[in-house]
Amino acid sequence: MAPVTDEQPVPVGLSTASVWPLKAGTAFELAAELGYDGVEVMVWADPVSQDVTALRRLSRRTGVPVLSVHSPSLLITQRIWSPDPVVRLRMSVDAALELGARTVVVHPPFRWQRRYGDSFGDLVAELEDSSGIEIAVENMFKVRPPGGSKNSRVSAFRPSIDPTDVGFRHYTLDLSHTAAAGMDALALAQRMGDGLAHVHLADGTGLPKDEHLVPGRGGQPCAELLEKLVSNGFSGQIVLEINTRHAVTAAQRVRDLAEALLFARFHLGQ
């Protein structure tokens, strides 16, 4: 990877999921107001997030580029664009190309998606080769099954919650997910190696749920990871994917997003 210089700092983006339940347009506006370098579009129930033309207009109006597209991989987004996960991933890559984004973030297949799971590695490689887009497979975490005991956890993903168990060209490291999974984030980053192309920066306390706290408010090595990435010449992207849905006021949401950006820039040496 090329070393990072003062002229080419690591871009710090804002996930549109960070303003939920508000719409994608609010994320573009706040990213512009606070000085983020771009946004990651989480494709989900918000109609604007599914509309490439509307997203392009938002980007032009606010001057905020789209850095990445998060493919509709969540349980609640399984019918967005298409019920076929192959079609959804292909459409995500097409959207990234149209929006000028560098990266598509995708989750590993669910265990019940057998045909998709069998072809997933080849599909990702084919789409990267044909498009030039980085398809960064994200680490996940185990969940409690319906009717399961308080401490029982199972993986809904195939073959596991750790994409390095299979091996891909590019990865997304999510620190809220490592917290929920009880995984060592720094060790996972090391296993991802030069394939680590994208970071979802957030925090967690270690509870077995996806908290997406402002970095510095939990127990994850957020600061240490950022500092290590810079020292190792990281040339990927950092995206703040935090939970502000409990913000009582608009001002509180803005403060949380500003604090998250300041944390990232400080520990990136920017």
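Trainee: Leaving aside its neighbours within four places in sequence, which residues is S59 in contact with?
Mentor: Happy to start there, keeping in mind that this is a predicted model. S59 sits in helix 2, which covers residues 52–62. Its relative accessible area is 16%, and buried means under 20%, so S59 counts as buried. Beyond its neighbours within four places in sequence, its contacts are F28, V64, P65 and V66.

Trainee: In what order do the strands of the barrel run?
Mentor: The barrel is closed and has eight strands, with parallel pairing. On average, neighbouring strands of this sheet are turned against each other by 25°, direction ignored. The order is 1-2-3-4-5-6-7-8.

Trainee: Which residue of strand 7 stands opposite T172?
Mentor: Strand 6 has a parallel partner in strand 5 (residues 134–138), joined to it by three bridges, and there V137 has Y171 as its bridge partner. Towards strand 7 (residues 196–201), four bridges join the strands, again running parallel. In strand 7, the residue opposite T172 is H198.

Trainee: And going on to strand 8, which residue stands opposite H198?
Mentor: Strand 7 and strand 8 run parallel and are joined by four bridges. The residue of strand 8 that stands opposite H198 is Q237.

Trainee: How are helix 3 and helix 4 oriented to each other, and what is the handedness of their crossing?
Mentor: Helix 3 (residues 85–99) and helix 4 (residues 114–131) pack with their axes 11 Å apart, at an angle of about 20°. Angles under 35 degrees count as roughly parallel, so helix 3 is roughly parallel to helix 4. As for the handedness, their crossing is right-handed.

Trainee: How many nonpolar residues does the contact of helix 3 with helix 4 have?
Mentor: Helix 3 brings P85, V86, L89, R90, V93 and L97 to the contact, while helix 4 brings Y116, F120, L123, V124, E126, L127 and S131. By class, one residue is polar and two are charged, and the number of nonpolar residues is 10.

Trainee: At what angle does helix 3 run to strand 4?
Mentor: Helix 3 lies across strand 3, strand 4 (103–106) and strand 5. Helix 1 (residues 24–34) lies across strand 1, strand 2 and strand 3, at about 165° to strand 2. For helix 3 and strand 4, the angle is about 155°.

Trainee: Is H212 buried or exposed?
Mentor: H212 lies in the loop between strand 7 and helix 7, and its phi is near 50°, a positive value in a residue other than glycine. Its relative accessibility is 11% and the cut-off is under 20%, so H212 counts as buried.

How values were computed:
Residues are numbered from 1 along each chain as its sequence is written. This is a predicted model: local features need pLDDT of at least 70, side-chain atom pairs count only at pLDDT 80 or more; totals for chains, interfaces and linings use all residues. Side-chain values use heavy atoms; hydrogens and water are left out. Two strands pair if DSSP finds at least two bridges between them. Helices (H or I, at least four residues) and strands (E, at least two) are DSSP runs, numbered from the N terminus. Axes are lines fitted to C-alpha atoms, for helices over the stretch in contact, and angles run from 0 to 180 degrees between N-to-C directions. Angles under 35 degrees count as roughly parallel, over 145 as roughly antiparallel, 65 to 115 as roughly perpendicular and the rest as oblique. A crossing is left-handed if the near helix is turned anticlockwise from the far one by less than a right angle, and right-handed if clockwise. Contact means heavy atoms within 4.5 Å. Ala, Val, Leu, Ile, Met, Phe, Trp, Tyr, Cys and Pro count as nonpolar, Asp, Glu, Lys and Arg as charged, and the others, Gly among them, as polar. Buried means under 20% relative accessible area, exposed over 50%, partly exposed in between (1.4 Å probe, protein chains only).
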